[in-house]
Amino acid sequence: MAPAHHAVPALRQYAMTLTPIDRAIPERAARLRVSGRLSGARWCPSPNFGARPSDCGISLLVIHNISLPPGQYAGPAIEQFFCNQLDPREHPYFESIAGMQVSSHLLIRRDGECVQFVNLRDRAWHAGRSSFEGRPECNDYSIGIELEGTDHESYTELQYQTLDRVSRQIMAAWPAITGARVTGHSDIAPGRKTDPGPAFDWQGYRQRLQKCREPGRSSRDVGG
Ligand SMILES: [Zn+2]
């Protein structure tokens, strides 16, 4: 008869790799916390990232916008930009940004598609010089989500739906990201950045996020 440990199910082996805080959250959230890869997101890896400082938890979610060229949607330029493949000859605006090395963890396109550029466990280069509640270097401890858009044009319902789903998955995986720790780029870099702009419906977004926490709904309702 084989020793019992040969029969340990894969899930139990997986569970053994989790830290105490991982075990305190639902399995799906724990998987995201371990993998850093959002299920359902298209993976488009950017070279623009680094390791987070050691002992630096993830405790902030930053909402941005981007469109390339500004105000034009659906082209490949954002992905090219975050992957250092933007051709400065394609558009006059690109000449001014083509050499920049930046990224975000996620991009939500106008049709609601989610693209992931950087593993959520890693440090993406989205916030720049920034601070939240007096703590500088938001890139160290935040996850950045770009919405394809501009400061003054309404975002789409499909974007809000995806943003809500993705935010809840992230907040379940990293419970230190409370509702009060979901912020905009303009809030952590005032005077320097304006996104996601007045077009972003903070009230509606926060109401959606709040809904999943109503009593009587289980953690199974979170994500999806
Ligand atoms: Zn931004």
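Is helix H7 mostly covered or mostly exposed, and how many of its 17 residues are buried? H7 is mostly covered, with twelve of the 17 buried; a residue is buried if 20 or more other C-beta atoms lie within 10 Å of its own, exposed if 12 or fewer, and partly exposed in between, with C-beta atoms placed from the backbone. What you're looking at is a predicted model: local features need pLDDT of at least 70, side-chain atom pairs count only at pLDDT 80 or more, and totals for chains, interfaces and linings use all residues. Residues are numbered from 1 along each chain as its sequence is written.

**The overall picture**
- The protein has nine helices and ten strands; these are DSSP runs numbered from the N terminus, helices being H or I with at least four residues and strands E with at least two.
- Of the 224 residues, 35% are buried.

**The sheet**
- Six strands make an open, mixed sheet, in the order S1-S5-S4-S9-S3-S10; two strands pair if DSSP finds at least two bridges between them.
- At the edges sit S1 (42–43) and S10 (182–184), each pairing on one side only.
- S3 and S9 run parallel, joined over seven bridges.

**Helix H7**
- H7 packs on the sheet and touches S3, S4, S5 (114–116), S9 and S10.
- Its direction makes about 170 degrees with that of S9; axes are lines fitted to C-alpha atoms, for helices over the stretch in contact, and angles run from 0 to 180 degrees between N-to-C directions.
- Among the buried residues of H7 are Leu 163, Val 166 and Ile 170.

**The nonpolar core**
- The largest nonpolar core has 44 residues; such a core is a set of buried Ala, Val, Leu, Ile, Met, Phe, Trp, Tyr and Cys residues joined through C-beta atoms within 7 Å.
- H7 gives this core its largest share, six residues.
- Leu 61, Val 62, Ile 78, Leu 106, Ile 145, Ile 170 and Ile 177 have the most contacts inside the core.
- Leaving aside neighbours within four places in sequence, Ile 145 is in contact with residues including Leu 61, Leu 106, Leu 163 and Val 166; contact here puts two C-beta atoms, placed from the backbone, within 7 Å.

**Out in a loop**
- Ala 180 belongs to the loop between H7 and S10.
- Ala 180 counts as exposed because it has 8 C-beta neighbours inside 10 Å.
- The C-alpha atoms of Ala 180 and Arg 206 are separated by 9.7 Å, with the two residues 26 apart along the chain.
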